[in-house]
Amino acid sequence: MALEMKRQAMDRLNDEVRACARCCLAATRNHALCGEGTLDAALLVVALSPGAREDVDDTMFVGPSGPVLDRLLGAAGITRDQVYMTNLIKCLLPKNRRPKMIEIETCYPFVKREIEIIRPSVIVPLGYYATRTILTAYHANPPAARVDFRPLYASLIVSDGQTIFPLPHPSFLLYSPHFEPETAEQYKKLNNLLT
Ligand code: SF4
């Protein structure tokens, strides 16, 4: 898809996202966040959801996880504007609670359309919920137990013709900062996937 056609398709999609009231999260959000970044990116990063700061500012990763993400991408020699970033759930989860399956299922069609527009070489889901959802969407048989997802991080998975490279979510390091060197090593592998 030519870049201008991508831009038009994404503009239409983003209008739908901003006006969406398909699930109960519409009642408590300030903004439904749209994806950000370059439309011809090789890497499409799928985070979980906006936090409180993102919900107010209508911008991705401006809260505490933002500097962590920048450091991790920086370890790979990548800046935000080289990738396309979006959220699995476009609206704030009140009190940072876990997403419900119905919320993921209701919001995922937006992510699916973003993938169809961007056509990334690699989808990079961040953390458990995004990884589980993307692996399920591409029939990659995700593990049943959450604890079994950690070995999947920084491993290249190809399923249904799509390459998927799960990574830990940056917010994980807000609670476990001693894992940052190990996580940076995992993010460094993104550099090999840029082309
Ligand atoms: S979370 Fe997704 S489906 Fe629910 S209201 Fe927001 S944009 Fe719509």
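Predicted model: local features only at pLDDT ≥ 70, side-chain atom pairs only at ≥ 80, totals over all residues.
**Notebook: pockets, a cavity and a strand**

I began with the largest pocket, where α2 (52-57), α5 (127-137), α6 (172-175) and α7 (180-188) each supply at least two residues of the lining. Helices here are DSSP runs of H or I with at least four residues, strands are E runs of at least two, and both are numbered from the N terminus. Residues are numbered from 1 along each chain as its sequence is written, and side-chain values use heavy atoms, with hydrogens and water left out.

**The pocket**

I looked up the space in the largest pocket and found about 1,000 Å³. Of the 39 residues that line this pocket, Leu48, His169, Ser171, Phe172 and Tyr175 are the closest to its centre. On a 1 Å grid over the protein atoms alone, a pocket is an open set of points with protein on both sides within 12 Å along at least five of seven lines, a cavity is a set where a 1.4 Å probe fits but cannot get out, and lining residues have an atom within 4 Å of a point. Points are joined across faces, edges and corners, and the volume is the space filled by probe spheres set on them. I sorted the pocket lining into 20 nonpolar, 12 polar and seven charged residues. In this sorting, Ala, Val, Leu, Ile, Met, Phe, Trp, Tyr, Cys and Pro are nonpolar, Asp, Glu, Lys and Arg are charged, and the others, Gly among them, are polar.

**The cavity and the ligand**

Next I found one cavity of 30 Å³ or more, with a volume of about 120 Å³ for the largest cavity. Its lining has 16 residues, and Cys20, Cys23, Cys91, Cys107 and Phe110 lie nearest the centre. Helix α4 (residues 101-118) gives the largest share of that lining, four residues.

What takes up this space? I found that the ligand's space is the largest cavity (more than half of the ligand's atoms lie within 2 Å of the grid points). Among the residues around the ligand are Arg22, Arg29, Lys90 and Thr106, each with a heavy atom within 4 Å of it.

**Strand β3**

Last, I checked β3 (residues 84-87), where Tyr84 and Thr86 point one way and Met85 and Asn87 the other, all buried (under 20% relative accessible area, with a 1.4 Å probe and protein chains only). Strand β1 (residues 36-37) pairs with β3 in the antiparallel sense over two bridges, and Gly37 has Tyr84 as its bridge partner. Pairing needs at least two DSSP bridges. Strand β2 (residues 43-47) pairs with β3 in the parallel sense over four bridges, with Thr86 as the partner of Val46.

Technical notes:
Buried < 20%, exposed > 50% of the residue type's maximum accessible area, 1.4 Å probe, protein only.
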